[in-house]
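Keep the 3D view open while reading.

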Amino acid sequence: MSKSLEDKFLDDFESNQNIVHKICRIYTTNQSDHNDLFQEITIQVWKNYAKFRGDAKFSTWLYRVSLNTAISLFRKSSRKVKTQNISDIAFKIKAIEYDDTQEVQLKALYGAIQHLNDIDKALVFLYLEDKSYREISDTLGISEVNARVKMNRAKDKLKKILNP
Amino acid sequence: MDVLEKYKEAWDNQPENSNKVSKSEIYKMMKSKSSSIVKWIFIIGLIEFILIGSSFFLFDIEKSIEAYESIGLNKYFMHFNTKAGLCIFLYFLYKFYANFRSISTTENTKSLMDQILNTRKTVRNYVVINLSYLTIFYLIALVLMIKKQFADLSTVQTIGVAVASLVALAVMLAVIWLIYQLLYGILLNKLNKNYKDLAKLEE
C-alpha cells in the first residue's frame, strides 16, 4: 500500500531538517525565534507539499520554500538583533581566529553571516551549500549574471567581517 | 588560500543540529496555525473591507439619501453613488481574495514578494478610493450646506464654519493615515526592506 501524503512528508522533512535548521540559525538570533521560524517553515512546506511533484529533488524545493518563509513571511517575536559595532565583532573574531578548530570557525562564520542583510544571507547561504548560479537565480528570481556579481559582493562583505 | 575557503570547510563539516526534531514533533508543527505576515495582511485587509463595506448594510441608505436631498443633492445621483460604491466594494473584495490565493511560497523570492505587496496594494487602493470619494463628497456637501442652511450667516461666520469643517476633515484623514502607517509599517517593515534590497540586485 502506498504511503499517505502525510507519511511521505514526515519522511522527507525529517531527513532534510538540517537544511531548515541552518536557515533558522542564519535568520534568527535566539533559540525561541529559531523554533518559531522552524515551525513556520514546517507549516509552509506542508501547506505546499501536495504541489511538490517530485520533478525536482525535495531538498532543492525545500531550500526555496524555507528561504522564502525566512525572508518574506516570518516576523521575529523579538525584533531587535543585538547590534554590535562591526569592529567589536571583528576584534572578537580575530581573537579566536588562531584557534582553528572547525567548531570555532563555524561559530564565527554564523556570527558574521548574521550581520549581513536578509538577501545577502540567502546568497551566501546558497554559496556555502554549493548551489549553482542557475539555481540561485531561480530561487531568488534574479538574473544569473546579477546573481554572480552580487554573490561576489556579498562574499566580500562577509570576508571583511571575518577578516578585517 | 581564500579566507572563506577554510570557513567553507568548517561549514561543510558541520555536525547535524543538536535540536533534531522528531517525526511526532514535526507532525504537531505541521498541524499548527501559521502566524506569517500573509495571514495578518489577509485578516487586517478583511477587517478594512468589513469596516468600510458594512456602511452599505448598516446605515439606512434611504434615510441618508433624504437628508442629502434636503441640502440639495440629487436623489438619482445618490442612488447611483450607492450602487457604484457596492460594485467597487465587490470588485476589490474579489481582487483581494484572488491576489491572496495566488500567494505561493513555491515561487521565487522576487515573485513571492510581488504577490504579497500586490495583495496589500489592493486594499490600500480601495481605502484611498474611498477616502478620496469621502473627501470630495464632504466638500460638496459643505458647500451646499453653507449655501442653503447657513445663508443668513455673515461672511466671517461662514468662513469660520468652512475652516472648522475643513480642519475636522483634515484631522480625520490624518488619524486614519497614521493608523494605517503604523499598522502596515510594523507589519511590512522587514518585507519592504528586503524587497528594496532585492530590487537593488537587479539595478
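How many residues does helix α6 of chain B have, and how far does this helix reach from its first C-alpha to its last?

## Helix α6 of chain B

The model is predicted. Helix α6(B) covers residues 75–102, a run of 28 residues. From first C-alpha to last, α6(B) reaches 41 Å. At 1.5 Å a residue, 40 Å is expected, and the two values are close.

Which residues of α6(B) are buried? They are Phe92(B), Phe96(B) and Asn99(B). These buried residues pack against two helices of chain B, α3 (37–53) and α7 (109–148).

Lys75(B) has its place in helix α6 of chain B. Is Lys75(B) buried or exposed? Lys75(B) counts as exposed, because it has 11 C-beta neighbours inside 10 Å, and a residue with 12 or fewer is classed that way. Leaving aside residues up to four places away in sequence, Lys75(B) touches Ile65(B) and Glu69(B). Ile65(B) sits 10 residues from Lys75(B) along the chain. The C-alpha atoms of this pair are separated by 6.6 Å.

Ala84(B) also lies in helix α6 of chain B. Ala84(B) is exposed, because 11 other C-beta atoms lie within 10 Å. Val167(B) is 83 residues away from Ala84(B) along the chain. Their C-alpha atoms are separated by 28 Å.

## How α3 and α6 of chain B pack

Two packed helices are described by the angle between their axes and the distance between the axes. What are these values for α3(B) and α6(B)? The axes come within 11 Å and cross at roughly 175°. Angles over 145 degrees count as roughly antiparallel, so α3(B) is roughly antiparallel to α6(B).

On the α3(B) side, the contact is made by Phe42(B), Gly45(B), Phe49(B) and Gly53(B). On the α6(B) side, it is made by Phe89(B), Leu93(B), Phe96(B) and Phe100(B). The residues of this contact divide into 6 nonpolar and 2 polar, with no charged residue.

## Chain A: helices and domains

Chain A has 9 helices and 0 strands. From the N terminus on, its elements run α-α-α-α-α-α-α-α-α. Of its 164 residues, 37% count as buried. Take the contacts in chain A with a separation of 6 or more: residues 24 or more positions apart account for 68% of them.

Chain A is divided into domain 1 (1–77) and domain 2 (84–164). How many residues does each domain bring to their contact? Domain 1 brings 9 residues and domain 2 brings 8. On the domain 1 side, the elements that give two or more residues are α2 (17–27) and α4 (58–73). The residues of that side divide into 6 nonpolar, 1 polar and 2 charged.

## Helix α4 of chain A

Helix α4(A) has 16 residues, which should span 22 Å at 1.5 Å a residue. The end C-alpha atoms of α4(A) are 21 Å apart, so the span agrees. α4(A) is mostly covered, with 13 of its 16 residues buried.

## The contact between chains A and B

The contact takes 44 residues from chain A and 43 residues from chain B. On the chain A side, several helices give two or more residues, including α1 (5–15), α3 (31–49) and α9 (144–162). Which element of chain A gives the most? α4(A) does, with 8 residues. The residues of the chain A side divide into 17 nonpolar, 17 polar and 10 charged.

One helix pair crosses between the chains. α6(A) packs with helix α1 of chain B (residues 3–12) at an angle of about 105°, with axes 9 Å apart. Angles of 65 to 115 degrees count as roughly perpendicular, and α6(A) and α1(B) are therefore roughly perpendicular to each other. Gln102(A), Gln105(A), Leu106(A) and Leu109(A) in α6(A) meet residues of α1(B). Those partners are Lys6(B), Tyr7(B), Glu9(B), Ala10(B) and Trp11(B).

Note on methods. Residues are numbered from 1 along each chain as its sequence is written. Chains are lettered from A and ligands numbered from 1 in the order in which they are written. This is a predicted model: local features need pLDDT of at least 70, side-chain atom pairs count only at pLDDT 80 or more; totals for chains, interfaces and linings use all residues. Domain bounds come from an automatic or database domain assignment. Two residues are in contact if their C-beta atoms, placed from the backbone, lie within 7 Å. Helices (H or I, at least four residues) and strands (E, at least two) are DSSP runs, numbered from the N terminus. Ala, Val, Leu, Ile, Met, Phe, Trp, Tyr, Cys and Pro count as nonpolar, Asp, Glu, Lys and Arg as charged, and the others, Gly among them, as polar. The expected span of a helix is 1.5 Å times one less than its number of residues. A residue is buried if 20 or more other C-beta atoms lie within 10 Å of its own, exposed if 12 or fewer, and partly exposed in between; C-beta atoms are placed from the backbone. Axes are lines fitted to C-alpha atoms, for helices over the stretch in contact, and angles run from 0 to 180 degrees between N-to-C directions. Angles under 35 degrees count as roughly parallel, over 145 as roughly antiparallel, 65 to 115 as roughly perpendicular and the rest as oblique.
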